[in-house]
Amino acid sequence: MDVNLIFKIAAIGIIISVLNTVLVRSGREDQAMLTTLAGVIVVLMMLIPEISDLFSTVKSLFNI
């Protein structure tokens with residue numbers, strides 16, 4: 001796993017938390033929730049290839 005991926009996920013988390021705070025304080029709780037959900041989806045899409053590589057490694061390790 002690349003260290004840059006960890007930094008990207010951390011940056012997305014910081015940006016989403018700032019946006020969430022701004023939207024909640026301005027009274028837009030629905031948009032804040034959607035923004036948080038979009039951030040989670042983006043991070044999951046970034047992690048899917050890494051999880052796939054993990055499963056491939058486990059399969060090759062145990063000859064499945």
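Visitor: In which helix does L47 lie?

Guide: Helices here are DSSP runs of H or I, at least four residues, and strands are runs of E, at least two, all numbered from the N terminus. L47 lies in helix α2. This is a predicted model, so local features need pLDDT of at least 70, side-chain atom pairs count only at pLDDT 80 or more, and totals for chains, interfaces and linings use all residues. Residues are numbered from 1 along each chain as its sequence is written, and side-chain values use heavy atoms, with hydrogens and water left out.

Visitor: Is L47 buried, exposed or partly exposed?

Guide: Start with the cut-offs. Buried means under 20% relative accessible area, exposed over 50%, and partly exposed in between, with a 1.4 Å probe and protein chains only. L47 has a relative accessible area of 24%, so L47 is partly exposed.

Visitor: What does L47 touch?

Guide: Contact means heavy atoms within 4.5 Å. Not counting residues up to four places away in sequence, L47 touches L5 and I9. L47 and I9 are 38 residues apart in sequence, yet 9.3 Å apart in space, C-alpha to C-alpha.

Visitor: By how much does α2 bend at L47?

Guide: The bend at a residue is the angle between two fitted axes: one for the seven residues ending there, one for the seven starting there. At L47, α2 bends by about 35 degrees, and the proline P49 follows within four residues. P49 also lies in helix α2. At 43% relative accessibility, P49 is partly exposed. The C-alpha atoms of P49 and A38, 11 residues apart along the chain, are separated by 18 Å.

Visitor: How does the span of α2 compare with what is expected?

Guide: The expected span of a helix is 1.5 Å times one less than its number of residues. Helix α2, residues 29-62, has 34 residues. From first C-alpha to last, α2 reaches 48 Å, close to the expected 50 Å.

Visitor: And what is the span of α1?

Guide: The 23 residues of α1 should span 33 Å, and its end C-alpha atoms are 33 Å apart, which agrees.

Visitor: Which residues of α2 are buried?

Guide: First, the general idea. An α-helix has 3.6 residues a turn, so residues three or four places apart point the same way. In α2, the buried residues are A32, T35, G39 and V43. They pack against α1, residues 3-25.

Visitor: Which residues of α1 are buried?

Guide: L5, I16 and L23. Their cover includes α2. A10 is also in helix α1, but at 38% relative accessibility A10 counts as partly exposed. The C-alpha atoms of A10 and L44 are separated by 13 Å.

Visitor: Which residues form the nonpolar patch on the surface?

Guide: A patch takes residues with over 30% relative accessible area and no salt bridge; like charges are joined within 9 Å, and nonpolar side chains (Val, Leu, Ile, Met, Phe, Trp, Tyr) within 5 Å. A salt bridge is a side-chain nitrogen of Lys or Arg within 4 Å of a carboxyl oxygen of Asp or Glu. Accessible areas come from the Shrake-Rupley method with a 1.4 Å probe; for residues, only the protein chains shown count as cover. Here M33, L34, L37, I41, M45 and I48 form the patch, with about 620 Å² of accessible area together. I48 is found in helix α2.
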